[in-house]
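I opened this notebook to record what I looked up in one structure. My entries take strand pairing and then charged side chains.

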Amino acid sequence: MPLYDCMLLAKPLVTREAMAELVARVARRAYQRNGVVTDVKSFGKVQLGYGIKKLDGRHYQGQLMQMTMMVPPSFTKELHYLNKEDRLLRWLVVKHRDAVYGLEFINEDDGRNEMNGFSLAHTKHDYDIEIGSDDSESEFLTSSDEDSDDYNYGLEEEDEKK
């Protein structure tokens with residue numbers, strides 16, 4: 001089963017007990033569908049970037065809750081009863097992209113062989129560097145770098161004569 005986050009933004013005057021009851025209703029639905037709620041976070045009152053208009057006025061604050069759960073993909077379609085909930089301003093369900101769960105998680109090697117995938121072709125070996133050689137700087141300086149800048153001054157002199 002995939003991992004989902006359910007974000008619930010409630011009106012600012014909703015009590016903690018009412019928020020807990022709302023979260024419990026969503027969790028009961030998840031358990032009925034053989035899902036598991038793995039985490040519940042409360043972010044408290046948050047300032048909104050814009051007012052959300054509802055029948056009882058425009059709200060510029062809200063209480064934000066996040067529920068993380070493993071549920072079947074069809075579960076997200078069953079949450080539309082939250083549209084009729086008058087305590088909520090907004091709700092959103094987001095699927096985790098790279099979540100590892102189920103048998104894949106159990107069989108994971110915890111990164112013990114993480115470096116085995118890298119190629120040794122790009123590593124620097126001892127024979128690449130000659131220890132004790134005096135001409136180690138000679139690879140950086142060439143005879144053309146010392147005195148000449150490969151500029152043809154003869155052309156300028158001819159142009160000045162004309």
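The entries below concern a predicted model.

**Entry 1: strand pairing**

I began with strand β3, which covers residues 57-70. Strand β1, residues 3-10, runs antiparallel to β3, and 8 bridges join the two. I then turned to strand β2, residues 36-54, which also runs antiparallel to β3 and is joined to it by 13 bridges. Between β2 and β3 I found 2 residues, and the two strands form a hairpin.

L8 is paired with M65 in β3. K41 is paired with Q66 in β3.

**Entry 2: residue Q66**

Is Q66 buried or exposed? I looked up its relative accessible area, which is 11%. Because the cut-off for buried is under 20%, Q66 counts as buried. Its place is in strand β3.

I next listed what Q66 touches, leaving out residues up to four places away in sequence. The list holds D5, C6, M7, D39, V40, K41 and F43. With D5, Q66 also has a polar contact between side chains, at 3.2 Å.

**Entry 3: salt bridges**

I recorded a general point before looking at pairs: side chains of opposite charge can pair when their charged atoms come close. How many salt bridges does the count give? The count comes to 5.

I then looked up R25 and E85, whose side chains meet in a salt bridge of 3.0 Å, N to O. R25 lies in helix α1 and E85 in the loop between β3 and β4, so this pair ties together parts that are 60 residues apart in sequence.

I also checked accessibility. E21 is partly exposed at 31% relative accessible area, and R25 is partly exposed at 27%. E85, at 10% relative accessibility, counts as buried.

Lastly, I looked up R87 and E85, which form a salt bridge with the closest N and O atoms 2.7 Å apart. Through shared partners, salt bridges join E21, R25, E85 and R87 into one network.

How values were computed. Residues are numbered from 1 along each chain as its sequence is written. This is a predicted model: local features need pLDDT of at least 70, side-chain atom pairs count only at pLDDT 80 or more; totals for chains, interfaces and linings use all residues. Side-chain values use heavy atoms; hydrogens and water are left out. Two strands pair if DSSP finds at least two bridges between them. Helices (H or I, at least four residues) and strands (E, at least two) are DSSP runs, numbered from the N terminus. Buried means under 20% relative accessible area, exposed over 50%, partly exposed in between (1.4 Å probe, protein chains only). A polar contact is a pair of N or O atoms within 3.5 Å; within protein, one must be able to donate a hydrogen and the other to accept it, and residues adjacent in sequence count only if both atoms are side-chain atoms. Contact means heavy atoms within 4.5 Å. A salt bridge is a side-chain nitrogen of Lys or Arg within 4 Å of a carboxyl oxygen of Asp or Glu.
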